[in-house]
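Subject: Structure handover and findings

Hello,

I am passing on the structure we spoke about.

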Amino acid sequence: MPIRRRSAFLGLTASWMLGRSSLALAAPAAGADDPRLVVVILRGALDGMAVVTPYGDADLASWRRDLLLPEPGQAGGMRDLGGFYGLHPALAGLHDLYAAGQMTPIHAVAGHYRSRSHFDAQDYLESGADERLDTGWLNRVVSSLPWVASRVDGNGLAMGLTVPLLLRGPARVGSFAPVAGQHPDDDLYARIAALNAADPVTGAAFRNGLKARGFSDDVLGGGAPRAPDGRRPGAFAVLADAAGRILADPHGPRVAALEAGGWDTHAAQKGRLNAPLAQLDAGLAALRRALGPAWGRTVVLVMTEFGRTVRMNGTGGTDHGTGTVAFLLGGPVAGGRVRGTWPGLRPDQLFENRDLAPTTDLRAVASGVLRDHLGLNRAALKRVFPGSPVTPENGLLQA
Amino acid sequence: MQRSAALTGFGWGRRGNAPLPDDPRGWLRAQLAAPDAAIFSGLGDSADGLVALRRQRRDRMPGDPLVKPLFAAEVAAQLDALLLTEQPFRERLAWFWCNHFTVSMRQGGTRAVAGPYMREAIRPNVTARFSDLLLAVMRHPAMLLYLDNISSIGPNSRAGLRRHRGLNENLARECLELHTVSPLAGYSQADVTSFAAILTGWGVDMKADRPGFVFRPAAHEPGEKTLMGRVFPEGEEGGVQALRFLGTHPATYRHIATRMVGQFVSDTPPPRDVAHVAGVLHDTQGDLGAAAAALVDLPDAGRPGVKFRTPMDFATAAMRALGLGGAPSAPGDPHAPAHILFGGFASLGQPLWTAPLPNGWSDRAADWSAPADLLARADWSYRLAAFAPDADPLDIAHAALGPALRPATIEAIRHAGARRDGLTLLFSSPEFQRR
């Protein structure tokens with residue numbers, strides 16, 4: 001491994017890190033072909049039925065005629081997903097992946113909680129337990145990985161200024177945010193870190209932040225992310241691009257979490273969804289481009305805290321509901337079809353007379369990926385999702 | 001209580017070497033008794049903001065040309081108040097309640113009214129009864145726009161039957177969950193729907209000469225409604241009664257007491273303190289001034305360093321420590337103190353009046369102490385220090401932190417090669433991250 005300037009800097013400051021951290025800065029023991037996992041949280045409750053629309057369901061129009069886009073094949077229409085479902089046209093990149101067999105939507109999923117509060121539901125979605133925990137299930141995944149101790153910044157990486165609950169916990173996790181403008185030089189950073197070294201909150205944060213930034217700077221080379229059409233990328237695409245490049249590095253972390261907002265469409269939903277969906281699509285495309293060949297070893301899980309009411313509300317929007325859609329994409333994914341059991345939309349089939357009835361537990365989807373992609377065994381899965389047992393979904397990945 | 005703790009724990013940090021109060025608790029209580037001294041002259045009210053918004057929309061003007069200068073003036077005035085206030089406890093309460101009743105500019109076209117909202121609905125009610133504050137908030141155009149109530153229509157109202165439109169639950173749900181009783185009260189989905197029906201017709205008249213709150217009988221759901229076992233009459237009065245009921249509910253007192261103790265005492269509010277403050281609220285019919293005074297008297301209040309500074313706390317304290325500000329900030333001047341502070345909030349992850357969701361910004365350490373958060377603080381401190389080229393870092397450290405300043409930090413500042421580095425070390429020190 002060539003000694004890079006940043007690595008040398010880290011070596012110099014290692015004296016105040018010794019004894020406090022088992023972190024090694026040597027090249028990792030595991031190989032470059034480790035699997036990668038990215039989890040994208042869509043905060044605000046995505047209306048799954050607006051994005052993967054069951055246009056083949058005869059009852060659909062009776063609930064939300066004014067929210068519907070034209071059927072596949074018509075101008076401005078949905079993109080077909082096998083004759084019953086249509087994908088929102090803003091998700092062109094995702095549709096290409098579907099056609100290539102690398103994307104699968106899973107319909108009528110929900111977490112294991114039944115709350116229509118964003119805040120409760122997000123907490124349960126991220127902690128993955130039956131009771132409130134202050135650690136997230138993805139952090140427990142990181143602790144379960146066999147090669148955890150060898151990474152420059154542990155195995156987890158939160159993209160954005162703060163670490164979401166999903167990735168919080170005892171396992172070491174980095175966070176990354178793009179730097180702008182002037183900042184202290186390496187020597188001053190080192191003195192700031194030393195000044196904080198013994199502090200229970202700020203000590204580890206500065207220590208890991210500097211390591212992660214030094215590492216990220218090396219990997220990213222300060223380059224701005226590119227979009228193929230030359231347009232300026234949105235914030236989500238910038239972070240997704242950086243996540244892809246960091247995960248692609250043979251010495252980088254293997255698990256990352258991203259989040260995107262704009263889904264709480266209580267009013268004028270039809271128009272309002274276009275922009276956040278286009279950003280999501282552009283971000284996922286940027287992630288795939290930046291991962292390069294590592295895309296073939298990456299699974300991306302896109303999930304939201306709950307769905308929205310089947311019936312359009314009084315203001316051209318939808319209110320908080322239950323069942324919704326999740327996406328899996330990536331090289332190893334067995335895609336090209338919509339998964340899940342469609343519960344139907346007759347009044348007696350709705351959940352509490354208003355919501356899409358959930359038929360698949362999100363934890364079962366996540367467990368299937370963790371087992372078949374990251375190799376977690378039954379005991380590890382029980383640690384990751386300590387609540388009532390779920391049966392992992394089979395066949396999500398190519399055999 | 002230490003003299004400096006009154007300034008850091010209950011306020012926004014010491015400004016330069018302003019005198020410390022001889023009687024910290026008395027000084028804090030006096031701020032609650034005195035009227036709000038913040039003067040916001042020359043700013044328009046929410047009607048002015050809505051007129052600007054209306055004109056922009058009517059003439060399809062690109063780029064917010066009429067709202068933008070109003071907003072710039074608002075930022076300059078309100079952030080100057082934060083930097084200069086001599087009633088920092090009262091000022092902290094105002095921002096606390098503004099965050100409790102979050103109106104975010106991410107949604108609803110609220111930029112024109114976000115500042116007036118704080119001056120009209122929040123500031124006058126910081127020491128009023130909670131139900132008065134609640135009512136002022138729920139009738140304010142900013143909240144009605146932000147949480148979509150302007151378009152919620154009773155399905156059986158005249159407008160609902162004619163236009164086949166109906167309820168939007170957003171405001172009702174967040175009012176129950178976040179503003180008042182909280183889910184601990186055990187309300188149901190039926191209560192949310194019913195409360196939304198109670199609030200139908202509460203809207204904003206954008207066509208009026210002076211746009212503002214309006215009750216629209218034609219959009220109001222007819223009939224009595226039941227909320228949490230109580231029956232409320234049809235009409236605007238039903239909404240007022242329901243808000244009085246929620247605003248004086250024991251579950252609401254417990255909820256807001258928890259939030260207040262969380263803001264001033266600890267990230268894990270001690271149940272004994274919460275019970276005490278909730279009891280004061282109960283005994284005084286929700287007197288927020290009395291509750292704030294009860295906070296001052298808690299045995300653990302003002303213990304220095306227990307609360308981690310949010311980005312807003314941190315940036316404000318750093319600029320106050322440097323004594324930046326004085327002459328009123330010129331709106332839009334990129335070097336004006338208020339503008340620097342505004343930029344600081346954004347680069348540290350807490351942009352002004354732009355919380356991601358209606359639950360507002362967290363005030364807990366776990367949410368603001370990720371690696372990238374702290375690096376952003378060090379970087380911003382370095383940029384800020386460039387605005388104080390003549391400052392003596394050690395003098396500022398002693399003045400700002402008092403007895404909380406640690407020998408290690410003094411040593412690090414002493415060994416700094418440049419004043420700018422010394423200030424960066426001060427603002428990046430563990431003790432400056434706390435209040």
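This is a predicted model: local features need pLDDT of at least 70, side-chain atom pairs count only at pLDDT 80 or more; totals for chains, interfaces and linings use all residues.

Residues are numbered from 1 along each chain as its sequence is written, chains are lettered from A and ligands numbered from 1 in the order in which they are written, and side-chain values use heavy atoms, with hydrogens and water left out.

Chain A

Chain A has 13 helices and 11 strands (DSSP runs, H or I of at least four residues for helices and E of at least two for strands, numbered from the N terminus). Of its 399 residues, 60% are buried, where buried means under 20% relative accessible area, exposed over 50%, and partly exposed in between, with a 1.4 Å probe and protein chains only. For contacts (heavy atoms within 4.5 Å) between residues of chain A at least 6 apart in sequence, 74% link residues at least 24 apart. Its accessible surface is about 14,500 Å², with 54% belonging to carbon and sulfur atoms; such areas come from the Shrake-Rupley method with a 1.4 Å probe, and for residues only the protein chains shown count as cover.

Chain B

Chain B contains 21 helices and 4 strands. Along the principal axes, the C-alpha atoms fill a box of roughly 75 × 55 × 40 Å. Buried residues account for 62% of the 435. In chain B, 71% of the contacts between residues at least 6 apart in sequence join residues at least 24 apart.

Nonpolar cores

A nonpolar core is a set of buried Ala, Val, Leu, Ile, Met, Phe, Trp, Tyr and Cys residues joined through side-chain atoms within 4.5 Å. The largest one has 141 residues, and those touching the most other members are Trp97(B), Phe101(B), Tyr117(B), Phe195(B) and Phe427(B). Helix α18 of chain B (residues 371-385) gives the most to this core, with 8 residues. Another core, of 47 residues, lies apart from it and includes Leu46(A), Leu258(A), Leu273(A) and Ala294(A).

Not counting residues up to four places away in sequence, Trp97(B) touches Ile122(B), Val126(B), Phe130(B), Leu133(B), Ile256(B), Met260(B) and Leu288(B).

Particular places

Helix α6 of chain B (residues 114-122) is largely enclosed by the rest of the structure, because 8 of its 9 residues are buried. Tyr117(B) and Ile122(B) are among those buried residues. Their cover includes α3 (46-58), α4 (67-84), α5 (88-100), α7 (130-138) and α8 (141-146) of chain B.

Where is Thr202(A) placed? It is in helix α8 of chain A (residues 202-220). Thr202(A) counts as buried, at 0% relative accessibility. Leaving aside neighbours within four places in sequence, Thr202(A) is in contact with Asn196(A) and with residues of chain B, namely Phe308(B), Leu374(B), Pro430(B), Gln433(B) and Arg434(B).

Arg420(B), in helix α21 of chain B (residues 419-427), is partly exposed, with a relative accessible area of 21%. Arg420(B) and Ala391(B) are 29 residues apart in sequence, and their C-alpha atoms are 8.7 Å apart in space.

Regards
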